[in-house]
Amino acid sequence: MNFMKAMILDEKLNFKWADVADPVRKEDEVLIQVHAAAVNRADLMQKDGCYASPPEWPQWCGLEVSGIVLEAPADAEVKVGDKVCALVGGGGYSEKIAVPSGMVVPIPEGLSMVEAASIPEVWSTVYLNLMLEAGGMKKGDVFYMQAGASGVGLAAIQFAKLMGAEVITTIDSPEKAEFVRKLGADYVLDYRTEDVRPVIEAHPPTVALDCIGGKLMGDCFKNMVFGGRWIMIATMAGAETTINLETVWRKRIRLIGSTLRSRTAQEKSNIMHALQKELWPLFSQRKLISNIHAVFPIAEVEAAHGVLRRAENIGKVVLTLV
């Protein structure tokens, strides 16, 4: 049996750079030598013991990677030696990973391995929810996204602007406010000192992508437009709020729960290929960005997680293995 290194979680949920068995590639999988893996908030939850990998994936952190193809099926789009990025269900913090071939695509032309590793998870999340769940937006629509300087937030702002929508977002520092305004956010509020509710009332959202939840959610929800779509992907501010259910049916508002991690390999493959077709040229032209806030070697994974835990990041934090 051959071995590789992976940043596993031990029995006390501490990180440990340990020997694990090399992945055994299935017939329809691509084996990747991992060069970089981005950090996501789901990784923090997994580190805390409350968000395990699906059973078919390695039981350590890592939802998106970039690297070099070591082995591939004969009919795969990518070939041995190609530079690729991949959406994975877990296990990205390791030297190698086997991934269903449809979830592996060439990196956008001109992007580095670090940049490429930062794209699959957040941009798949945004595409899934704004296009497939919400059905898209158009000029004149209003999009509401809290945590605008997070990885998902920056991607969602850019994608909503690409579709022609106005954007309302919240941040927690002047530096973050300046950055999201440069990306096109129209209404930017510091949630520590400013109340977003008057802005929501004056500019009723067509679509909201909510990773915060909490008590404020119900107050904002009631001001959605007729036929609005409110998509919940996390509840960082708490899982309880109060909603007047008459608002839901009278205004035909759709409250949609959504996760990417639990989707099938085929669903994820479809999303990754949609990104490749529709957005990769825009990344290559630098019309879309995945802002890299910080890069750490894999040995400094605790420090990398700390940046997200303290909400210091503007965009993505990436771990390097090569």
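Author: A definition first: two strands pair if DSSP finds at least two bridges between them, and strands (E, at least two residues) and helices (H or I, at least four) are DSSP runs numbered from the N terminus. This is a predicted model, in which local features need pLDDT of at least 70 and side-chain atom pairs count only at pLDDT 80 or more, while totals for chains, interfaces and linings use all residues. Residues are numbered from 1 along each chain as its sequence is written, and side-chain values use heavy atoms, with hydrogens and water left out.

Reader: OK, in what order do the 6 strands of the open sheet come?

Author: The order is β10-β9-β8-β11-β12-β13, with parallel pairing; β10 (187–190) and β13 (254–257) are the edge strands, each pairing on one side only.

Reader: And what joins β12 to β13?

Author: Strand β12 (residues 229–232) runs parallel to β13 and is joined to it by 4 bridges, and Trp230 stands opposite Leu255 in β13.

Reader: Which strands does helix α4 touch?

Author: Helix α4 (residues 151–162) packs on the sheet and touches β8 (142–145), β9 (166–171) and β11 (207–210), its direction making about 180° with that of β8. Contact here means heavy atoms within 4.5 Å, and angles, from 0 to 180 degrees, are taken between N-to-C directions of lines fitted to C-alpha atoms, for helices over the stretch in contact. Helix α5 (residues 174–182) lies across β9 and β10, at about 165° to β9.

Reader: Switching topic, what volume does the largest pocket have?

Author: Its volume is about 910 Å³, and of the 41 residues lining the largest pocket, Arg41, Val152, Cys211, Ala234 and Met236 are the closest to its centre. On a 1 Å grid over the protein atoms alone, a pocket is an open set of points with protein on both sides within 12 Å along at least five of seven lines, a cavity is a set where a 1.4 Å probe fits but cannot get out, and lining residues have an atom within 4 Å of a point. Grid points are joined across faces, edges and corners, and a volume is the space filled by probe spheres set on them.

Reader: Which element gives the most to that lining of the largest pocket?

Author: That is α3, with 5 residues.

Reader: How many cavities of 30 Å³ or more are there?

Author: The count comes to 1, with a volume of about 40 Å³, and α4 provides the largest share of its lining, 4 residues.
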